[in-house]
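Please open the model in a viewer and keep the sequence panel at hand.

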Amino acid sequence: MSLRLPRIGTSQVVALLAILAINWVVSPQFFDIRLQDGRLFGSLIDVLNRGAPVAILSLGMVLVIAMRGIDLSVGAVMAICGAIAASLADSHSLPVVLAAALGAGLACGLWNGFLVAVLGIQPIVATLILMVAGRGIAQLITEGRIVTFTSPELAFLGGGSVLGLPTPIVITLALLALTLLIVRGTALGLLIEATGGNARAAALAGVGTRLITLAVYAWCGLCAAIAGVVAAADILGADANNAGLWLELDAILAVVIGGTSLFGGRFSLVLAVIGALIIQAMNTGILLSGFPPETNLVVKAVVVLAVLLAQSPRLKGSLAVLGSSLFGRRA
Amino acid sequence: MVPVSSPHDDAPAAPPSGAPLLELTGFSKSFAGFKALDQVELTLRAGEVHALLGENGAGKSTLIKCMTGVVHRDAGRLSLDGVDIAPRSAEEAVKAGIATVYQEVNLAPNLSVAQNLFLGRQPTRFGLVREGEMRRRARELLAAFDLDLDVAAPLESYSVAVQHIVAIARAVDQSARVLILDEPTASLDAHEVEILFAVLRKLKARGIGIVFVTHFLDQVYAICERITVLRNGRLAGSATTAELPRLDLVRMMLGRELAQATASAAHAPEAARDVAGGRAAAFATFENYGKAGYVAPFDLALRPGHVVGLAGLLGSGRTETTRLVFGAAHADSGTATVDGARVALTSPAEALHLGFGYCPEERKTEGIVAELTVRENIVLALQARRGVTRPLSRREQDEIAARFIRLLDIRPPDPERPIGLLSGGNQQKALLARWLATEPRLLILDEPTRGIDVGAHAEIIALIRRLCAEGMALLVVSSELEEIVTYADEVIVLRDRAHVARLTGEDITVPGILAAIAEADPVQPPPAAAGRAA
Amino acid sequence: MNAAGRNSLNRLLPVAATTAVFLLGFLICSLTFPNFASLRVVMNLFTDNAFLGIVAVGMTFVIISGGIDLSVGSVIGFTTVFLAIAIERWGVPPLVAFALVLVICALFGAAMGAAIEYFELPPFIVTLAGMFLARGASFLMSTESIPITADLYSHLADHALRLPGGARLTVPAMIMILVVIGGMVLLHLTRFGANVYALGGSRVSTALMGVNVTRTTILIYMLSAGLAGLSGIVFSLYTSSGYSLSGVGVELDAIAAVVIGGTLLSGGYGFVFGTFVGVLIQGLIQTYISFDGSLSSWWAKIATGLLLFAFIGFQQATLRLARRSRRHATGGAHA
């Protein structure tokens, strides 16, 4: 297992630091952190805390995208699993609640994986089905109401803290570590990158690409379930209409900002999480700066465009020529 | 030069033969220092079908691309009817009168036949396509080729042969003087080839010059007046079909002068191999193994320390044979055994676990994962065999990569370099390393020395010999007959997707293989217009 | 020729299936609810789904060409807000405002098409950026719902063709019908339409056949965004207001309508008429739920999802069958 940052990661880290610095300029208290009732508070902690759901989603999404796929259904799966957790929270013990919610997420992921790997449907089409139907299923579970709960155990997952850190941050870090362990601690990461980079070559080298595809979508569903539970626990309820709404797009954006190409291949888990934090830091920054929160989408659009242009095959080609003529050859 | 009276499309009389319609001289093109074309020339006469032949990498496609402006030539003159032209795109070439129909029919399969014929130039009134008029014209156009189709039906509902004819009709209707057909018959059966040839004869009668790229020699002799052969980017020869017997043609294509070939055919004596005491027991056997429409059923035995070479022209079924053996294609007849036990080769993963290894011919699309490092590419197959849960530690990976980089002299010797940045020869070595790392009992190599420099070439041959001596079974496809004869213990010759001859021991000579490829009995003329066997 | 004839039937099969599903659904509704089978219900179905129908026609072009446009919902939202502000705050005459907003939307679509072409980027992600941008722009203009009180609006709202049985063919419904007919003409009867199909069939071949692929792509996204703008105008007529959150998720409904209408999401095949029926099916589900009264709205989403799955599965199966039969096909019609 290697935790070192990939060679290309510096630009993302620099971008995050720059945004944090801008936030600090517009709001001098940005880096102030205080300890209150055994929990840390402050804008920086807020960025981490609010960024947690997208960061968790991106941990699944990054693997799917590395396989040249995409999962549009994660927002809807969040809603389903949040609804299940909220509905069961006050009548069942936490393990049962979690097992039910995560099991549902896993089932959703397996469904997507089945459509893609076995039936051979394009990922964007296959996951569209659950994206449309999933929110209906979530509303079916909540019967269209906003289901609230009081279970302190479940609430702890959203609002509690461990050693001062809000639980969502801890869960994100733990999940990052677990994903790193599973993906980089086994050969899975290499096989995913090989399959995403050249599926035919990987299959001819004896890689069981179909099983890996299934596993990756299942994992993405599981991550969506965890994000859904955390989001529900945070607001002490489940709103099937709005839980996870458009978060699939944020998750995709986080992965793309994190340097993983939509055309598959090389990926980085750590940078995907940093991508999620970049998105959240921008959100928070706009709030702090007193700009209307509506600016957020415009800024996001600009970021997407910038990242797109940076990834564009044609532009990359001309930039590389430009770069090599300006700075000489680089490795 | 005598200007040719330009024959109108409707002119029934055959044009004056002998007058050049299209002339190209001194064509050269280099890609990153590699000479893909070197001083090539070709003269096409009106009303002539001119075969352009050569093995993979001979420069055929580069030549066509240069003629049609898709690729810009470094040097050379191109003249049509005595007038110099320099098309800069396929569109300009069409306007100038040179149209190309590729093997993968470049039409929209989902559109109707009529739309395909007239896309971009449909008859319109008030901006609306006059569907009836368009269909009428389409029927008229196709009737000239004795083709009576429902022109409103989507193109894809017709056979590939019909699609080719539609593409040709479109090209010719756009005032083509010169028609380039790039392997139009590769996926046609005998009957379809005959239909296509009937169309070509009509075009000849109209005075259109046709450049015909194929690798079916029967077809060359059935329809072509003249042959130009390319080899390694150079002109290997040009002659009329009547002047060039089949054996000489094969020799020209594979680049062997008989005397030279015999001299180098000093076959390594059987005794020199470590198989004293008779033949080793077969590691893997295939009986009556085949797949309909892919490769006719064949028998094959692969023994430790034994090299089986597959020889034949491009498209003869060599690669297909290796794919069946490796489980990348599924046989629909016959049985396979490994160590005497029957096995079902349903996937490459299966073959990998049985101890097979496979270096495909298409290095870029099927071999390397370009953005991954040399190290990662080398350990890929070994890791796939160990499974997800038993990762090779970074240290093990480094050791394996370092060992093979040293052993095979992969340059630059940097395991962390993305493999896409290496030269072809070094990519090939890394792919060999990928399989050697799995310590295979059978290694299948499809054109292992194609497109790589001379140095790497020799090293790979030496490696094949060494592996063989170490007791590995090898199945090698190669167009380099001189090479094959130096290391093969058995050569299987393929023609038209069937194994047609098996040579062993003293019989393995370049002339022997050439004769088998060109058909054993050159006295009997080929049946007119025979396509490949179904 | 038989094979070809069968194939023509095959490509009509999805649309036929969609139409059958609609008729069956309508029959079930009529049997369940006594007042259902009336011209009035049908006309209401048209009016209520007019904006979706208009935008789905544009989406049909995009999807047949092998692309996708995620920005249409946001463009609708932008249009309603722009109209409200232009008419109410700036005092622009409504018709001028309509023309203005259509031009803006068309330019926006052209920009997305150009980005897709020139930077060789996937349409999915480019139109995602467009989605953020258009929605962000409407938020920036106003986050509140602005009522539109212009005379033209109340006039257009009242204006309708009275039909027997108390049914009214409203202006939005008329616009939708015109757009559907116009879309059918454009897609099936013009050179541009043939180019759209060709692009979806094979991009490389289309370029080799001399079609200006760049121009066609830009026009397609212009058309889609322009129709989204028109849909926004209709939406603002329908609600007599402008609100930055209007049209949220419409892109999904439009894509669903296109797919249920028998268009292949991978491009190359489809009909505007199928999309129209797809929109009606979605509307029918909503109408059923509102007639029933006890059923909840989420069943609409689940039913749409099930239909999507059924049609995608159906397409996948026919594609595989077609591929298999083509492999075995030999000969063809010849004299």
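Select Pro412(B) to begin: this residue sits in the loop between helix H14 (394–407) and helix H15 (424–436) of chain B. The model is a predicted one. Display the backbone from Arg411(B) to Pro412(B), where the peptide bond is cis and omega is near -10°. The loop between H14 and H15 of chain B also contains Asp409(B). Asp409(B) is not a glycine, yet its phi is positive, near 55°. Asp409(B) counts as partly exposed, because 13 C-beta neighbours lie inside 10 Å.

Next, select strand E13 (residues 284–291) of chain B, and within that strand Asn288(B). Asn288(B) is another non-glycine residue with a positive phi, here about 50°. Is Asn288(B) buried or exposed? Asn288(B) is exposed, since 12 other C-beta atoms lie within 10 Å and the cut-off for exposure is 12 or fewer.

Now show the whole of chain B as a cartoon. Chain B has 18 helices and 22 strands, and 53% of its 534 residues count as buried. Where chain B residues at least 6 apart in sequence are in contact, 71% of those contacts join residues at least 24 apart.

Within chain B, select the open sheet of six strands, whose order is E6-E9-E10-E3-E11-E12 and whose pairing is mixed. At its edges are strand E6 (98–101) and strand E12 (234–240) of chain B, each of which pairs on one side only. From one strand to the next, the twist averages 20°. Which residue of E12(B) stands opposite Arg226(B)? That residue is Thr240(B). Strand E11 (residues 226–231) of chain B runs antiparallel to E12(B), and six bridges join the two.

Helix H1 (residues 60–67) of chain B lies across strand E3 (49–53), E6, strand E9 (178–182), strand E10 (209–213) and E11 of chain B, and runs at about 150° to E9(B). Helix H5 (residues 160–173) of chain B lies across E6 and E9 of chain B, at about 170° to E6(B).

Turn to chain A and select helix H5 (residues 123–142), which has 20 residues. From first C-alpha to last, H5(A) reaches 28 Å, close to the 28 Å expected at 1.5 Å a residue. Centre the view on Ala133(A), where H5(A) bends by about 35°. H5(A) is mostly covered, with 18 of its 20 residues buried. Just after H5(A), Glu143(A) takes a positive phi of about 55°.

To finish, centre on Val55(C) and, leaving aside its neighbours within four places in sequence, display its contacts: Val72(C), Ile76(C), Leu227(C), Ala228(C), Ser231(C), Val250(C) and Ala254(C).

Conventions
Residues are numbered from 1 along each chain as its sequence is written. Chains are lettered from A and ligands numbered from 1 in the order in which they are written. This is a predicted model: local features need pLDDT of at least 70, side-chain atom pairs count only at pLDDT 80 or more; totals for chains, interfaces and linings use all residues. Two residues are in contact if their C-beta atoms, placed from the backbone, lie within 7 Å. Helices (H or I, at least four residues) and strands (E, at least two) are DSSP runs, numbered from the N terminus. The expected span of a helix is 1.5 Å times one less than its number of residues. The bend at a residue is the angle between axes fitted to the seven residues ending there and the seven starting there. Two strands pair if DSSP finds at least two bridges between them. Axes are lines fitted to C-alpha atoms, for helices over the stretch in contact, and angles run from 0 to 180 degrees between N-to-C directions.
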